[in-house]
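Student: Please take a close look at a single part with me, and go through it slowly.

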Amino acid sequence: MAFQKAVKGTILVGGGALATVLGLSQFAHYRRKQMNMAYVKAADYISEPVNREPPSREAQLLTLQNTSEFDILVIGGGATGSGCALDAVTRGLKTALVERDDFSSGTSSRSTKLIHGGVRYLQKAIMKLDIEQYRMVKEALHERANLLEIAPHLSAPLPIMLPVYKWWQLPYYWVGIKLYDLVAGSNCLKSSYVLSKSRALEHFPMLQKDKLVGAIVYYDGQHNDARMNLAIALTAARYGAATANYMEVVSLLKKTDPQTGKVRVSGARCKDVLTGQEFDVRAKCVINATGPFTDSVRKMDDKDAAAICQPSAGVHIVMPGYYSPESMGLLDPATSDGRVIFFLPWQKMTIAGTTDTPTDVTHHPIPSEEDINFILNEVRNYLSCDVEVRRGDVLAAWSGIRPLVTDPKSADTQSISRNHVVDISESGLITIAGGKWTTYRSMAEDTINAAIKTHDLKAGPSRTVGLFLQGGKDWSPTLYIRLVQDYGLESEVAQHLAATYGDKAFEVAKMASVTGKRWPIVGVRLVSEFPYIEAEVKYGIKEYACTAVDMISRRTRLAFLNVQAAEEALPRIVELMGRELNWDDYKKQEQLETARKFLYYEMGYKSRSEQLTDRSEISLLPSDIDRYKKRFHKFDADQKGFITIVDVQRVLESINVQMDENTLHEILNEVDLNKNGQVELNEFLQLMSAIQKGRVSGSRLAILMKTAEENLDRRVPIPVDRSCGGL
């Protein structure tokens with residue numbers, strides 16, 4: 001079996017090179033020339049998509065079943081697999097793509113949301129004179145620029161601050177960041193710059209002030225990763241690729257080549273996960289683009305195949321937006337154990353991560369409490385002591401499995417590469433593994449080049465440089481204004497639709513329900529604090545959403561932003577999907593339970609909920625206990641030792657506050673640890689103790705009771721008598 005490694009437009013086979021490694025200046029000139037040629041080809045040869053809209057999933061399944069043989073069958077619907085399908089179909093190859101789960105359901109939706117060249121890889125390239133690392137950064141910077149161009153609605157430049165706490169580090173980091181700009185060349189987003197201590201604190205006021213000497217700001221890109229992945233897959237479908245999610249490959253098909261006598265992979269046996277139906281999809285070439293599951297598909301081909309994937313878990317957490325400025329990220333280049341931590345604004349929230357620990361491959365990675373606390377501790381190190389970093393402020397958390405690639409012949413782990421690898425088996429199965437989100441397009445190009453050469457397919461060069469993804473072509477920064485003016489949407493909702501769907505936002509707006517209010521005229525929200533509207537559920541089905549999990553995690557990003565809000569929106573989402581997809585009551589309940597399980601385990605709800613359990617310790621000062629007991633007894637007027645919905649309603653009515661019974665039930669249920677329909681004094685004290693320790697935040701019951709107590713105290717009659725009897 002040939003072990004092949006892609007090196008920026010060339011392929012090295014075994015130890016022998018098919019192309020000569022160029023010097024730095026020659027290589028840069030070569031790539032500039034190659035890039036310019038690619039843009040010309042993209043402009044001159046790409047025809048319009050064959051479909052105005054992506055065909056329905058049912059139509060795609062029929063195409064998969066009724067096509068006698070495809071040129072290319074891609075297994076895997078992540079960024080790389082979808083990129084392969086788009087690259088192949090735009091070259092005129094008859095293309096199919098199957099994904100066992102949903103598009104971007106794995107690693108591609110669980111990234112740091114950055115489109116970057118890799119500042120730390122450039123540092124390694126310079127320190128170790130490593131030409132390979134340099135080329136990887138150079139390519140990634142080109143791909144960064146291209147991705148920002150072809151999907152402007154889903155991506156944008158983001159300034160990232162690197163705080164400096166030692167004077168000698170200032171020139172050291174400055175030189176490194178300036179080299180990053182230099183390597184980017186014409187693809188540099190904006191020039192980096194140095195900030196004094198006072199200016200750094202103006203831009204990032206929550207930064208740790210002590211010993212800060214200044215900061216350096218550089219630019220990378222940021223994107224909505226799951227939506228970007230979906231845009232790639234939808235674009236491939238519009239150009240004619242037969243793409244289907246929830247299609248599992250159960251085995252590979254093989255046949256003997258009559259000319260050579262060799263056994264060759266000739267397709268795959270596929271199973272519709274939703275219906276259980278199985279059928280064969282035949283193809284001249286099969287591409288394995290399954291990320292962390294790379295080796296499982298390779299072993300379908302050859303059970304003795306050596307592993308080339310070494311998975312690593314990266315955990316991220318989401319915190320409220322007030323933890324970071326709205327348009328400035330932060331990079332900590334040297335955490336306590338040497339890992340790099342990013343702290344970034346995203347979707348009006350703050351993302352912090354990532355960890356990097358060995359893990360087993362699983363379909364359902366779970367963020368651990370240990371990893372969450374590691375990130376929180378690192379965040380505390382570089383935020384001001386005025387900012388209390390609380391465990392209870394973690395609104396969501398997720399773990400993504402990075403498919404790092406290693407040479408199976410190596411005895412150590414030093415061969416692990418952040419670069420990508422193209423591997424061709426004896427039977428012709430082509431595997432693309434490794435790499436990173438930013439370079440998905442060049443990975444796809446290298447893979448299809450290898451497929452064309454290995455299987456003697458008739459196709460031209462790659463045409464995906466400069467090719468707009470769905471929604472990007474007619475998008476403009478002011479598009480949302482037309483949505484407000486033409487449809488009567490809230491400005492925040494219109495901005496969200498434009499930034500999510502690009503020029504397709506008008507189609508979502510046309511589906512929006514009338515609110516019955518003076519303003520907004522249309523656009524009923526799924527949850528009050530997020531701009532997602534009910535029309536997106538209907539439109540999400542057109543984008544191949546098949547389950548409630550698809551909707552809360554990838555068509556919208558609710559699960560990644562706030563697990564409680566996602567759970568709150570679930571019943572309505574299931575109701576809307578059920579109406580469109582004809583689900584019966586059993587199916588609706590099944591979808592609800594599956595989605596809640598997803599939130600509980602994979603999105604950090606379990607870790608969040610465990611911060612308050614019936615075994616939680618009460619760690620309060622005696623004065624605090626007395627204060628909280630008095631507050632509790634204002635509600636427990638009968639001295640029962642517990643409060644119910646009736647007790648809360650009575651107090652609220654006395655201060656002229658109306659709240660419906662279902663909402664009150666939800667509020668009490670968050671604190672009702674033994675689930676007996678009432679909140680005991682001990683449970684209330686456990687809650688207040690957890691709030692003081694920062695393990696719980698945003699408790700609706702605690703805030704409601706404090707507010708009610710303050711209102712009751714204001715209503716106590718003020719004495720008017722004076723000393724000595726008065727008048």
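Student: How many nonpolar, polar and charged residues does the lining of the largest cavity have?

Tutor: Happy to. This is a predicted model, where local features need pLDDT of at least 70, side-chain atom pairs need 80 or more, and totals for chains, interfaces and linings use all residues. Numbering starts from 1 along each chain as its sequence is written, and side-chain values use heavy atoms, without hydrogens or water.

The lining of the largest cavity has 6 nonpolar, 4 polar and 3 charged residues (charged being Asp, Glu, Lys and Arg; nonpolar being Ala, Val, Leu, Ile, Met, Phe, Trp, Tyr, Cys and Pro; polar being the others, including Gly). The structure holds 3 cavities of 30 Å³ or more (a cavity is a set of points on a 1 Å grid where a 1.4 Å probe fits but cannot get out, and its lining residues have an atom within 4 Å of a point). The largest cavity contains about 80 Å³ of space (the volume filled by probe spheres set on the points). Among its 13 lining residues, Arg227, Gln470, Thr500, Tyr501 and Glu543 are the closest to the centre.

Where does this lining come from? Helices α8 (225–238) and α13 (491–501) each supply at least two of its residues (helices are DSSP runs of H or I with at least four residues, strands are E runs of at least two). The most come from α8, which gives 4 residues. The largest cavity lies between domain 1 (57–109 + 227–307 + 408–455) and domain 3 (478–609), because both give residues to its lining (the bounds come from an automatic or database assignment).

Beyond the cavity, a few backbone details may interest you. The peptide bond that joins Trp519 and Pro520 is cis, with omega about -5 degrees. Pro520 sits in the loop that runs between α14 (505–511) and α15 (535–542). Another cis peptide bond joins Gly353 and Thr354, and its omega is about 25 degrees. Here Thr354 belongs to the loop between β17 (349–353) and β18 (357–358). Lys113, although not a glycine, has a positive phi of about 70 degrees. The place of Lys113 is the loop between β5 (95–98) and β6 (114–115).

To return to your question, the lining of the largest cavity divides into 6 nonpolar, 4 polar and 3 charged residues.

Conventions. On a 1 Å grid over the protein atoms alone, a cavity is a set of points where a 1.4 Å probe fits but cannot get out, and a pocket is an open set with protein on both sides within 12 Å along at least five of seven lines; lining residues have an atom within 4 Å of a point.
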